[in-house]
Amino acid sequence: ETDPSQWLAVGFDGTVGEFFDGEQTLLDFTGRWQRIPHWTVSAEYERARIERTGPSQTQRFESDVVRLRIAWDLNNSFGIDLFSQLNTTNDVVVSQLRAHYLFGNESDIYFVVTDGRSDGTRDWATRRSEITLKITYVLQL
């Protein structure tokens with residue numbers, strides 16, 4: 001892993017070993033670019049392979065997950081980010097647009113728009129969409 005305080009940071013993590021009655025291989029590559037003030041772009045690729053051998057059959061599980069995040073932090077109180085994730089296990093793409101405003105002492109507002117799409121029919125039909133508003137207000141007595 002390179003120094004995360006620098007404008008460009010990359011990392012790699014790998015795990016190979018036992019998994020219950022089988023073997024696992026997990027690989028994770030990450031990258032973050034923060035060259036323009038207040039803007040951050042990050043990406044991650046995660047690969048998982050699990051193979052279990054039982055007395056009657058062998059089971060294999062493979063998954064690829066790709067994540068992309070673009071964040072804009074105007075200041076310490078306000079930020080917007082776009083997050084998208086592709087999961088090949090069930091061919092689903094989930095995207096979120098999130099806005100966060102911190103006001104007062106530990107009080108904040110989150111506004112989140114989530115869109116989930118599936119590739120089951122090759123037309124990327126909407127699987128789930130939602131809008132969430134969360135307000136936290138800390139009252140000190």
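Visitor: Let's start with Gln96. Which strand is Gln96 found in?
Guide: Keep in mind that this is a predicted model. Gln96 falls within the run of residues 92–103. That run is strand 6.

Visitor: And which side chain does the side chain of Gln96 make a polar contact with?
Guide: Leaving out residues up to four places away in sequence, Gln96 touches Asp81, Leu82, Phe83, Val112, Val113 and Thr114. The side-chain polar contact, at 3.2 Å, goes elsewhere: the partner of Gln96 is Arg98.

Visitor: Which loop does Asp91 lie in?
Guide: Asp91 has a positive phi of about 50°, and it isn't a glycine. Its place is the loop between strand 5 (78–87) and strand 6.

Visitor: How does Asp91 count in terms of relative accessibility?
Guide: Buried needs under 20% and exposed needs over 50%. Asp91 comes in at 33%, so the label is partly exposed.

Visitor: Phe20 has a positive phi too, I see. Is Phe20 buried or exposed?
Guide: Phe20 isn't a glycine either, and its phi is about 50°. Phe20 sits in the loop between strand 1 (8–19) and strand 2 (22–33). With a relative accessible area of 74%, against a cut-off of over 50%, Phe20 is exposed.

Visitor: What about Ser63, buried or exposed?
Guide: Ser63 belongs to strand 4, residues 58–73. Its relative accessible area is 8%, and the cut-off for buried is under 20%. So Ser63 is buried.

Visitor: Which side chain is joined to that of Ser63 by a polar contact?
Guide: Setting aside neighbours within four places in sequence, Ser63 is in contact with Glu46, Arg47, Ala48, Asn87, Thr88 and Thr89. The polar contact between side chains spans 2.8 Å, and the partner is Thr89.

Visitor: Which side chain does a polar contact join to that of Arg128?
Guide: The side chains in this pair are joined at 2.6 Å. The partner of Arg128 is Glu130.

Visitor: How far apart in space are Arg128 and Ile50?
Guide: In sequence, Arg128 and Ile50 are 78 residues apart. In space, going C-alpha to C-alpha, the distance is 29 Å.

Visitor: Let's step back to the whole chain. How many helices and strands are there in the protein chain?
Guide: Reading from the N terminus, the elements run β-β-β-β-β-β-β-β. That puts the count at zero helices and eight strands.

Visitor: Why is the protein chain described as more spread out than a compact globule?
Guide: For 141 residues the globule rule gives 14 Å. The protein chain is well over that, so it is more spread out than a compact globule, with a radius of gyration of 20 Å.

Visitor: What box do the C-alpha atoms fill?
Guide: The box is taken along the principal axes. Its dimensions are roughly 65 × 40 × 40 Å.

Visitor: What percentage of the residues in the protein chain is buried?
Guide: The accessible surface comes to about 10200 Å², with 56% of it belonging to carbon and sulfur atoms. Among the 141 residues, the buried share is 20%.

Visitor: Last one: how far apart are the mean positions of the positive and negative charges?
Guide: The protein chain has 14 positive and 21 negative charges. Their mean positions are separated by 4 Å.

Technical notes:
Residues are numbered from 1 along each chain as its sequence is written. This is a predicted model: local features need pLDDT of at least 70, side-chain atom pairs count only at pLDDT 80 or more; totals for chains, interfaces and linings use all residues. Side-chain values use heavy atoms; hydrogens and water are left out. A polar contact is a pair of N or O atoms within 3.5 Å; within protein, one must be able to donate a hydrogen and the other to accept it, and residues adjacent in sequence count only if both atoms are side-chain atoms. Helices (H or I, at least four residues) and strands (E, at least two) are DSSP runs, numbered from the N terminus. The radius of gyration is taken over C-alpha atoms; the globule rule is 2.2 Å times the number of residues to the power 0.38. Buried means under 20% relative accessible area, exposed over 50%, partly exposed in between (1.4 Å probe, protein chains only). Accessible areas come from the Shrake-Rupley method with a 1.4 Å probe; for residues, only the protein chains shown count as cover. Lys and Arg count as positive and Asp and Glu as negative; His and the chain ends are not counted. The place of a charge is taken as NZ of Lys, CZ of Arg, CG of Asp or CD of Glu. Contact means heavy atoms within 4.5 Å.
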